Amino acid sequence: MPNLKITIAVLVCAGSALATAACGPASVSEALVASARPTASPAATTVPVILDCLSHSQVRPTTYVLACGDGNNYLVALHWSQWGTKSARALGTDEANDCVPYCAAGRFHGYPVDVLLDRAQPWKGHPGVLRFTRITLDYPANRPAGIPKQTSFNLPAGPA
């Protein structure tokens, strides 16, 4: 297998043939940093995205914050079995703060959860990009206090 840094350097140099600057070590490190960033821009995706708390688009995230205001509820270890144009499904763990006696002093507890994303709709300001607008959590066993076995809610819409 060829050396990754050399391969990236060759690709960066070949792709910048019209540039006047020479291709050197700084370009290689920039390419490595860029390759570690999330995949293509939303406009290049062919399947819906999910927006995080900062309105960044994601496809098949391994973690997802549910409680954007305080971070007291989030999904981890998400394993996506499907991510299509109409829905996405995953198994994971819902980490929920019990907020006892109050949230800052509370403890997080993990609950197995089945996750469904659906209701893909156009993402305003991003032509041709769909975003999932609803998440449904289904708890096959234990669940956070006060939460029904299955609960659905709308996902962040992002800035208008």
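## Strand pairing, salt bridges and disulfides

Asn73 stands opposite Ala96 of strand β5. That pairing belongs to a predicted model. The protein chain has an average pLDDT of 78, and 71% of the residues score at least 70. Residues 1-44 have a pLDDT below 50. Beyond near neighbours in sequence, this stretch has 17 contacts in the model.

**Sheet**

- Strand β4 (residues 73-83) and strand β5 (residues 88-97) run antiparallel and are joined by 8 bridges.
- They belong to an open sheet of 6 strands, in the order β3-β4-β5-β6-β7-β8. The pairing is antiparallel.
- Strands β3 (64-65) and β8 form the edges, each pairing on one side only.

**Salt bridges**

- The count is 2 salt bridges.
- One joins the side chains of Arg134 and Asp118, with an N to O distance of 2.6 Å. Arg134 sits in strand β7 (residues 130-138) and Asp118 in strand β6 (residues 108-122). The pair links distant parts of the chain, 16 residues apart.
- Are Arg134 and Asp118 buried or exposed? Both Arg134 and Asp118 are buried.
- Asp138 and Lys149 also meet through their side chains in a salt bridge, at 3.3 Å from N to O. Asp138 lies in strand β7, while Lys149 lies in the loop between β7 and β8 (150-154). These two residues are 11 residues apart.
- Asp138 has 22% relative accessibility, so it counts as partly exposed. Lys149 is partly exposed as well, with a relative accessible area of 44%.

**Disulfides**

- The structure holds 2 disulfides.
- Cys53 and Cys68 form one of them, with sulfur atoms 1.9 Å apart. Why is this disulfide left-handed? The torsion about the S-S bond of Cys53 and Cys68 is about -80°, so the disulfide is left-handed.
- Cys53 lies in the loop between β1 (50-51) and β2 (57-58), and Cys68 in the loop between β3 and β4, so the pair ties together parts that are 15 residues apart in sequence.
- Cys53 is partly exposed at 35% relative accessibility. Cys68 is partly exposed too, with a relative accessible area of 40%.
- Cys99 and Cys103 form a disulfide with sulfur atoms 2.0 Å apart. Their link is right-handed, with 95° about the S-S bond.
- Cys99 is partly exposed at 24% relative accessibility. Cys103, with a relative accessible area of 32%, is partly exposed.

Technical notes:
Residues are numbered from 1 along each chain as its sequence is written. This is a predicted model: local features need pLDDT of at least 70, side-chain atom pairs count only at pLDDT 80 or more; totals for chains, interfaces and linings use all residues. Side-chain values use heavy atoms; hydrogens and water are left out. pLDDT is the predictor's confidence in each residue, from 0 to 100. Contact means heavy atoms within 4.5 Å. A salt bridge is a side-chain nitrogen of Lys or Arg within 4 Å of a carboxyl oxygen of Asp or Glu. Helices (H or I, at least four residues) and strands (E, at least two) are DSSP runs, numbered from the N terminus. Buried means under 20% relative accessible area, exposed over 50%, partly exposed in between (1.4 Å probe, protein chains only). Two strands pair if DSSP finds at least two bridges between them. A disulfide is a pair of cysteine sulfur atoms within 2.5 Å.
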